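Please work through the exercises below with the sequence and the model side by side, trying each task before reading its solution.

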Amino acid sequence: MPIAGPRSLTVAGLALAGCTTVPPGAANRAEEECRAGARAEGFREISADTSPTGVGDSVLVDMNARRDGRAYRGTCTYDRGSRRVRLSVSRAGEAEGDRVARAREACRDEAVDRGYEVRGTNDVRRVGDSIRMTLGLRRRGRTYEGYCRYEGRRADLEIR
C-alpha cells in the first residue's frame with residue numbers, strides 16, 4: 001500500500017476542512033504573489049505549483065527554490081482577501097526535526113560556553129529561516145532566562 005505524500009495529505013485535510021475549488025485566475029495570482037514573496041526573501045530559481053483547492057480565501061502553493069546555492073522546499077499560503085503571502089520554507093533534504101535538534105544543541109552549547117547550566121528549552125518555533133527558543137538557565141544559584149536565535153548554523157543567545 002503506497003504511503004500518502006505531504007501534498008495528498010494536505011488536499012485530504014482541506015477536503016475535511018471545507019475546501020473550495022480555486023478559480024484559474026486566482027491560482028495564477030497566488031503563484032505570482034508567492035513567487036514575488038519568495039524573491040523578496042532572497043530566493044531564486046523558484047518553481048511553484050498551485051493546489052486546485054483552497055480553504056476560504058486561502059490558496060496553497062507548493063514551492064521549490066534556491067538561496068545562497070542551497071535548495072529549499074516548502075509552501076506558500078496566499079490569502080486572496082488581504083493579498084498577503086505566508087511562506088513556510090526549509091532546506092530540501094533536511095528534516096525539520098533534525099534542524100530543531102541542531103538548533104537546540106547549538107543554543108545549549110552557547111549557554112554552557114558562557115558558564116550557564118541549561119535547565120531546559122521551551123517555546124521552540126520557526127521564524128523564516130531561523131529557529132528561536134527560550135532557555136531556562138542557572139548560574140551561581142540564580143536563575144535566568146535566555147532567548148536564542150539559531151540561523152545559518154550559528155546560535156545568538158541573549159540573557160535576560
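The model is predicted, so local features need pLDDT of at least 70 and side-chain atom pairs count only at pLDDT 80 or more, while totals for chains, interfaces and linings use all residues. Residues are numbered from 1 along each chain as its sequence is written, and side-chain values use heavy atoms, with hydrogens and water left out.

**Exercise 1. Aromatic pairs**

Task: Find how many aromatic pairs the structure holds, and describe the geometry of the rings of F43 and Y72.

Solution: Rings of Phe, Tyr and Trp (its six-membered ring) pair if their centres lie within 6.5 Å, and planes under 30 degrees apart count as stacked, over 60 as edge-to-face and the rest as tilted. By this rule the structure holds two aromatic pairs. In the pair of F43 and Y72 the ring centres are 5.2 Å apart and the planes stand at 80°, so the pair is edge-to-face. F43 lies in the loop between α2 (24-40) and β2 (44-55) and Y72 in strand β4 (residues 70-79), so the pair ties together parts that are 29 residues apart in sequence. Both F43 and Y72 are buried, where buried means under 20% relative accessible area, exposed over 50% and partly exposed in between (1.4 Å probe, protein chains only).

For Y116 and Y144 the ring centres are 5.5 Å apart with the planes at 80°, so this pair is edge-to-face. Y116 is in the loop between α3 (96-113) and β6 (117-127), whereas Y144 is in strand β8 (residues 142-151), 28 residues apart.

**Exercise 2. Charges over rings**

Task: Which residue has its charged end over the ring of F43, and which lies over the face of Y116?

Solution: A charge sits over a ring if NZ of Lys or CZ of Arg is within 6 Å of the ring centre and within 35 degrees of the ring normal. The charged end of R67 is over the ring of F43, 4.2 Å from its centre, and R139 is over the face of Y116, at 4.1 Å from the ring centre.

**Exercise 3. Core and cavity**

Task: Identify the residues that touch the most other members of the largest nonpolar core, then list the lining of the largest cavity.

Solution: A nonpolar core is a set of buried Ala, Val, Leu, Ile, Met, Phe, Trp, Tyr and Cys residues joined through side-chain atoms within 4.5 Å. Of the 17 residues in the largest core, C34, F43, I46, V61 and M63 touch the most other members. Among the elements, α2 gives the most to this core, with five residues. A second, separate core of 15 residues includes Y116, L135, Y150 and L157.

Turning to the cavity, its largest example is lined by A38, F43, I46, M63, A65 and V89. On a 1 Å grid over the protein atoms alone, a cavity is a set of points where a 1.4 Å probe fits but cannot get out, and lining residues have an atom within 4 Å of a point.

**Exercise 4. Positive phi**

Task: Where is R83 found, and is R83 buried or exposed?

Solution: R83 is found in the loop between β4 and β5, and at 57% relative accessibility R83 counts as exposed. Phi of R83 is near 60°, a positive value in a residue other than glycine.

Terms used: Helices (H or I, at least four residues) and strands (E, at least two) are DSSP runs, numbered from the N terminus. On a 1 Å grid over the protein atoms alone, a cavity is a set of points where a 1.4 Å probe fits but cannot get out, and a pocket is an open set with protein on both sides within 12 Å along at least five of seven lines; lining residues have an atom within 4 Å of a point.
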